[in-house]
Structure formats: structure tokens, C-alpha cells
Amino acid sequence: HLPGAVNDVLTGVQRNAKRLNLLIDQLLTFRKIETGNLKIVLRHDDLGAFVNDVFHAFDALAQQRNITYTLQLHIDSQPRWFDRDKLENILYNLLANAFKYTDEGGNITLTIREEMVKRDTTPSPTLVIEVSDNGIGIDEAHVSHIFERFYRTPQGSNIKGTGIGLALTRDLVEAMNGAIMVTSKVGQGSTFTVTLPCGKEAFPG
């Protein structure tokens, strides 16, 4: 076994390497979006099991920071059409953002449900994703800017991050014919809501 100090250093190196890889992947995805080369790869799969896997990836962080971390999954086990890689990126970025701006002992909730929403006058299945926290919140004057690349709100200026996670999330949501919005109050927290079609007919070709 390695001495504790050495192990801590190696753990830090591994963590930083993962962050660098994530940043590179995000920048490459931005490039694909800009050049029109981003492909939607749909799979007919168990969405609930997939969401569970992503959700529980943050269990250790929630325990470490004494955060009440809750999943409200309001969908059945029937397979649905979705792009695993892009949905994983969206969920990961929204959850990572919530943890970044929520103090120790706070609350974060991921809610997943399905609604029938009219698209071109025809009701179609739509996935609704909500990530809510009781963190530092966002001033109303800055809400319209948070999906811009490298934008940092004054409240979060001292918090580490690349400033591109939410911008990429918006671009991925829009690439999948979805929408994203946020409601927030300073000192009370934020709720990010994403709506995505989960029927194959929404992705012709």
C-alpha cells in the first residue's frame, strides 16, 4: 500500500486528469455542433435504469458534503427513444452545477417525468427533467446570461469551474429538439427544467 500522502497526491492527479478529459470532450462536442457534425444516435432502452445510474454517480459527493440528494422518478420501465451519450452529458452537467452551488447540508432533487406535449398539433411523448437545489441562487439580472460560454455570475465568481457546462447543456438540448429554462432566487436556490422529445418520430432520418 502507498503512504497516505502519496495516495492523496495520486488521487488528485487522477481527478484532475478526469476533469481535463471532460473539458476536452466538451470542447470537441462544441466543435461538432458548430460545424453541423453532431449526430443524434437513438437507442430504444430502459430510461429509468439509465437515469438511476447517472444519479447514483453523485452519491459519494452527496454523502461527503451531507447533502440530501433525492431522485423522483415518475416513469415506468417501458423502453423509450433517447441518445444515451447526450442525455448523460445533460444530466451530468445539471447535477454537477447543482452540487457546485449548493452548500454543505443542502438539498438537491432530480425529478424525471413524462408528459404528452403538442408538436405540430400532434401530442407526442416528452421527457421532463428538473434539477432543483437550495443553493446560492442566481440574481435575476444574470439569469439570461448563464447559458453563455465562460459566463460566471458574481455569486459564483470564487467557485472553480470551466464556465462551459451550462452552455453545452443548452446546445445539446436544442440539438435534440428540446428546450431548457431556469427559475432562481438569490439565497433560495435554482431549478433547471429540460424538455426533450422521447418519441422516434421527433428525429426524422
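Which residue in β5 is the bridge partner of T109? The legends below cover this and other close-ups.

The model is predicted, with local features requiring pLDDT of at least 70, side-chain atom pairs counting only at pLDDT 80 or more, and totals for chains, interfaces and linings using all residues. Residues are numbered from 1 along each chain as its sequence is written, and side-chain values use heavy atoms, with hydrogens and water left out.

**View 1. Overview of the chain.** The chain holds six helices and seven strands; helices (H or I, at least four residues) and strands (E, at least two) are DSSP runs, numbered from the N terminus. Along the sequence their order is α-β-α-α-β-β-α-β-β-α-α-β-β. Of the 205 residues, 38% are buried, where buried means under 20% relative accessible area, exposed over 50%, and partly exposed in between (1.4 Å probe, protein chains only). The chain exposes about 11700 Å², and carbon and sulfur atoms supply 51% of it; accessible areas come from the Shrake-Rupley method with a 1.4 Å probe, and for residues only the protein chains shown count as cover. Among contacts between residues at least 6 apart in sequence, 69% join residues at least 24 apart, a contact being heavy atoms within 4.5 Å.

View 2. Strand β4 (residues 107–119) pairs with strand β5 (residues 122–133) in the antiparallel sense over 12 bridges; two strands pair if DSSP finds at least two bridges between them. The bridge partner of T109 in β5 is S132. Two residues lie between the strands of this hairpin, and D120 takes a positive phi near 55°.

**View 3. Strand β5 beside β7.** Strand β5 is also joined to strand β7 (residues 189–197), by eight bridges, and the two run antiparallel. I129 has V194 as its bridge partner in β7. In a regular strand the side chains alternate between the two faces of the sheet.

**View 4. Helix α6 and its end.** Eight of the 11 residues of helix α6 (residues 165–175) are buried, so the helix is largely enclosed by the rest of the structure. The buried residues are G165, L166, A167, L168, T169, D171, L172 and V173. Just after α6, N177 takes a positive phi of about 60°.

**View 5. The surroundings of N97.** N97 lies in helix α4 (residues 84–100). Its relative accessible area is 11%, so N97 is buried. Leaving out residues up to four places away in sequence, N97 touches L166 and F192. L166 is one of the buried residues of α6.
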